[in-house]
Amino acid sequence: MDLIPVKNYSISISKLFSEQDDFTRIIGSGNYNSVFVLADTNTEKYCLPFITSGLSSHRVIRIEPGEKNKTINTCSAIWQQLAEGGATRNSLLINLGGGVIGDMGGFCAATFKRGIDFINIPTTLLAMVDASVGGKTGIDVDGIKNLVGLFQDPKHIFISSVFLSSLPSNQLRSGFAEMIKHGLISDRNYWNEVKEIQPDMYRDWQHVIRRSVEIKKQVVESDPYESGIRKTLNFGHTVGHAIETLSLMRDEQPLLHGEAIAAGMICEAWLSAKVNGLPASSLDDIVAHILLLFPKYKLAGIEYAALHKLMKMDKKNDGDKIQFSLLHEIGNCGFNIAVPDMVLQEAYNFYCNL
Ligand SMILES: NC(=O)c1ccc[n+]([C@@H]2O[C@H](COP(=O)([O-])OP(=O)(O)OC[C@H]3O[C@@H](n4cnc5c(N)ncnc54)[C@H](O)[C@@H]3O)[C@@H](O)[C@H]2O)c1
Ligand SMILES: [Zn+2]
């Protein structure tokens, strides 16, 4: 088992959940008078059985899965079940699930009776390498993602790759896009390692999850509130978020977050080459490897206007300017880079013509 210390807590990474020696000890040392597990119907079925032997008495709060449930109504139901279950300020909430459970459970815990302790047990690859680390909690309001939330750290994060065995392969690839991003923004060797991985066939997740978590942790610790270098984690996300929203509006089977970010990384790698000095050979390398795993998403030239409008609304912008995080080279990323509209449209055309 690997242990990564973070400022106020630790992240332990293992293959099997039974290797998480500290699970029972950490819960015991909190002297909690009640323990609640927040799960969705999938994680209750596939993941809860792995953790219950390490828990004495506990109550399960079950919600329906999916982003559409990351709302204040679901929070009300969670707060109500905590109250009915007798939760006090000395209770613990264990968030067992993907990013939706982690974000919303963290938010509910941080606000219930002005804050109770919570632990994250991420069960998707995306939540393991991204959502569970970094202290951001929150919910969507009126369809706007993460409009309300706060920064609050968990007491501990227990990551076990065993949970990935039941995860659908499109969800696995979605999380893998964030690992590709980690290599691109901060570690060329890691990029070379990640390039060799076929997510569906891969079995040795523990080691690469560790590297991704270290990268995210390092960036977040040096800039917890995203005023500087944390913005590099947004590489691929300015265009990617807009594509994700467009897909949600028009597709019966919308793109998953990572699938949209993969397309966004191609566009933003092109911008990196155009305005930020990324060598052409690196652009070719990035495009070729991303397309191997993420088939091109069909976008028509006409949809640029809609996409541009969405990018203008991005909450990371400064005034009227769309801000990008762009690569100088593989393993080195800059941030707060404004790009002229014409160049942005060229990046879009580049992707459409691939
Ligand atoms: N806080 C942050 O820093 C941060 C960062 C990135 C993303 N996020 C948030 O994360 C969310 C997306 O997270 P996600 O991709 O994990 O989605 P998710 O939580 O919706 O999980 C995806 C699906 O997989 C199912 N599932 C989860 N674990 C499973 C398992 N082991 N086996 C079988 N099925 C399983 C879930 O029930 C769900 O249907 C978004 O709301 C996003 O805003 C937050
Ligand atoms: Zn992301």
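A polar contact is a pair of N or O atoms within 3.5 Å; within protein, one atom must be able to donate a hydrogen and the other to accept it, and residues adjacent in sequence count only if both atoms are side-chain atoms. By that criterion, a backbone N or O atom of F163 lies 2.9 Å from a nitrogen atom of ligand 1. The protein buries 89% of the 870 Å² that ligand 1 exposes when taken alone (Shrake-Rupley method, 1.4 Å probe; for residues, only the protein chains shown count as cover).

The model is predicted: local features need pLDDT of at least 70 and side-chain atom pairs pLDDT 80 or more, while totals for chains, interfaces and linings use all residues. Residues are numbered from 1 along each chain as its sequence is written, chains are lettered from A and ligands numbered from 1 in the order written, and side-chain values use heavy atoms, without hydrogens and water.

Two further polar contacts to ligand 1 were examined. A polar side-chain atom of N146 lies 3.3 Å from a ligand oxygen atom. A polar backbone atom of A131 is 3.3 Å from a ligand nitrogen atom. The shell around ligand 1 holds 25 residues, of which D40, E67, K70, T124 and S166 come nearest (a residue counts as near if one of its heavy atoms lies within 4 Å). By class, eight shell residues are nonpolar, nine polar and eight charged (nonpolar: Ala, Val, Leu, Ile, Met, Phe, Trp, Tyr, Cys and Pro; charged: Asp, Glu, Lys and Arg; polar: the others, Gly among them).

The chain contains 14 helices and 11 strands (DSSP runs numbered from the N terminus; helices are H or I, at least four residues, and strands E, at least two). Its radius of gyration is 20 Å, close to the 20 Å that the globule rule gives for 354 residues, so the chain is as compact as a globular protein of that length (C-alpha atoms; the rule is 2.2 Å times the number of residues to the power 0.38). The C-alpha trace spans about 60 × 40 × 35 Å along its principal axes. Buried residues account for 56% of the 354 (buried, under 20% relative accessible area; exposed, over 50%; partly exposed, in between; 1.4 Å probe, protein chains only).

S272 lies in helix α11, residues 257-275. It counts as buried, at 0% relative accessibility. The S272 side chain reaches the backbone nitrogen of L327 at 2.9 Å. Beyond neighbours within four places in sequence, S272 is in contact with F235, G277, L278, L326 and L327 (contact: heavy atoms within 4.5 Å).
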